[in-house]
Amino acid sequence: MEIISEFGDTYSTGLRLTLELTVYALLGSVVLGFAIAIFRVSPLAPLRWVGAAYVEFFRNTPLLAQLFFWGFGSPLLGVRFSSDPLEGLFRAATAGLITYHAAYVAEVMRSGLLSIDKGQLEAARSLGLSYLQMLRYVQVPQAVRIVVPPLGNIAIALSKNTSQASVLGVAELLTAGELVESRTFRTAEAFAAVALLYLIITIPLAAGVNWLERRMALAR
Amino acid sequence: MRPDTWPLFVDPNVLRFFGEGLLLTLQMSFYAILLSFVFALLLALMRHSRNPLLRWPATVYIEGIRSLPVLLMIIVVNFQGPDFLRPVFGEDFEIVPFWAGVIGLTIYTSSVLAEIIRAGIVSIPPGQWDAARALGLRYHHVMGSIVLPQALRRMVPAIVAQFTTLIKDSSLAYAIAVQELLSRGKVFYSQYFNPVDTLLAVSVVYFLLNYALSLASRRLELGRALPRVARDIALRDQAA
């Protein structure tokens with residue numbers, strides 16, 4: 001693919017931004033998703049409702065709408081991600097990816113937390129552990145094993161969905177392809193290069209998830 | 001928030017404007033669901049086949065396409081699709097953006113759906129195959145009347161979840177200038193400077209659509225007793 005070396009700067013910037021979006025958004029959605037999952041398994045019904053409402057709303061609306069909201073709506077609500085507008089768009093895209101994928105992360109984590117046998121939780125409580133201690137020492141450590149492989153699948157989906165940040169104007173991989181296409185009119189080549197670079201990200205990720213699945217299955 | 005623009009949302013002309021967008025979203029989703037289900041069934045059967053000439057192309061297609069963003073496919077079909085098909089349909093051949101969107105969504109969704117259907121097929125105990133073959137049934141009878149009906153039934157929740165993903169992804173046709181629901185939201189808020197209100201209203205429509213669909217699939221209560229292996233395969237792509 002000589003077009004990649006011909007437009008090395010454009011493609012490498014695109015690849016870098018795609019990877020950055022993936023990493024930041026993944027970290028963010030794991031943190032937010034974990035908080036929502038804790039809400040969803042909470043003994044307090046109102047907290048459970050808030051968690052469920054979040055998951056159902058953000059999972060059933062388009063990611064693109066959420067990206068538009070963070071990119072073009074939130075500034076009107078007084079949210080400024082950065083004084084540098086380009087950096088601001090990058091962060092808005094990250095925020096959109098986080099709010100969307102956190103809903104999926106929360107569902108995975110919730111099913112992980114609920115898969116721990118109730119007897120264990122009752123035993124922990126009757127031994128005098130507080131609710132938070134039970135979460136910290138009994139429920140969460142065991143849930144982590146179950147949760148890791150499906151989280152890997154969310155990471156793959158997220159890395160693909162970063163392409164939607166192109167609509168906000170973030171110069172990630174797909175934007176790079178569009179730039180090269182509009183400069184050269186070599187449409188097929190320009191986008192084949194994009195596809196190849198996405199595969200370089202997603203195929204190793206998929207292999208990693210498969211490996212994790214097998215490992216965790218043996219450990220169980 | 002711009003409460004002063006709220007009365008606009010019940011203005012008949014504005015309602016018609018958004019209604020036409022919703023109609024396009026629904027039409028695009030409908031055609032893409034129909035087409036991708038047919039292709040997915042074909043791909044799943046090919047990948048499940050023992051003949052390597054059928055199995056390999058299906059495997060490469062499924063694994064390759066599943067690893068790429070759907071937005072890339074929509075854009076490539078819109079840019080390159082006509083060029084690609086001109087040798088077949090003549091020099092004047094064009095693909096309108098609406099159909100480019102449908103084709104892009106179909107290419108992606110059929111690969112994901114094929115894996116869901118295949119997971120359903122492999123979840124049927126092999127004893128049923130043996131029994132049916134021992135009774136003298138041919139492959140297409142076993143597959144068509146015994147295995148597939150059970151497999152599809154088990155996979156209803158996963159299949160419906162993929163359809164809700166498709167409905168959400170149809171908003172990506174914004175990138176190729178199809179005037180569907182979300183694109184119209186953008187047109188609207190660019191005129192009235194109320195992105196928060198408009199995006200919320202549009203999102204609620206998508207939410208109602210998808211939530212109703214997933215409630216319906218839960219109400220059907222199919223696919224409950226799914227073996228773990230099949231569920232794992234089926235859930236692999238649910239975060240798209």
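Which residue takes a positive phi just after α8(B)? In this predicted model, that residue is B:Phe193, with a phi of about 55°.

**Figure 1. Helix α8 of chain B and its two ends.** Helix α8(B) spans residues 181-192. Its 12 residues reach 17 Å from the first C-alpha to the last, close to the 16 Å expected at 1.5 Å a residue. At the start of α8(B), a side-chain oxygen of B:Glu180 comes to within 3.1 Å of the backbone nitrogen of B:Leu182. Just after the helix comes B:Phe193, with its positive phi.

**Figure 2. The buried residues of α8(B) and their surroundings.** Among the buried residues of α8(B) are B:Leu181, B:Leu182, B:Phe188 and B:Tyr189, as well as B:Arg184 and B:Lys186. The buried residues of this helix pack against elements of both chains: α4 (63-73) of chain A, and α1 (12-48) and α9 (195-220) of chain B.

**Figure 3. The nonpolar cores.** The largest nonpolar core has 108 residues. Those with the most contacts inside this core include A:Ile3, A:Tyr11, A:Phe68 and B:Leu182. Beyond its neighbours within four places in sequence, A:Ile3 is in contact with A:Tyr11, A:Val180, A:Arg186, A:Glu189, A:Ala190 and A:Ala193. Another core, of seven residues, lies apart from the largest one and includes A:Tyr54, A:Phe58, A:Ala102 and A:Ala106.

**Figure 4. The crossing of α2 and α4 in chain B.** Helix α2(B), residues 52-66, packs against helix α4(B), residues 97-122, at an angle of about 115°, and their axes are 9 Å apart. The crossing is left-handed. From α2(B), B:Tyr61, B:Ile62, B:Glu63, B:Ile65 and B:Arg66 take part; they meet residues of α4(B) including B:Ile107, B:Tyr108, B:Ser111 and B:Glu115.

How values were computed:
Residues numbered from 1 in each chain as written. Chains lettered and ligands numbered in written order. Predicted model: local features only at pLDDT ≥ 70, side-chain atom pairs only at ≥ 80, totals over all residues. Heavy atoms only, no water. Core = buried A, V, L, I, M, F, W, Y, C linked by side-chain atoms within 4.5 Å. Buried < 20%, exposed > 50% of the residue type's maximum accessible area, 1.4 Å probe, protein only. Contact = heavy atoms within 4.5 Å. Helix = DSSP H or I, 4+ residues; strand = E, 2+ residues; numbered from the N terminus. Expected span 1.5 Å × (residues − 1). Polar contact = N/O pair within 3.5 Å; in protein donor to acceptor, adjacent residues only side chain to side chain. Axes fitted to C-alpha atoms, helices over the stretch in contact; angles between N-to-C directions. Left-handed = near helix turned anticlockwise from the far one by under 90°.
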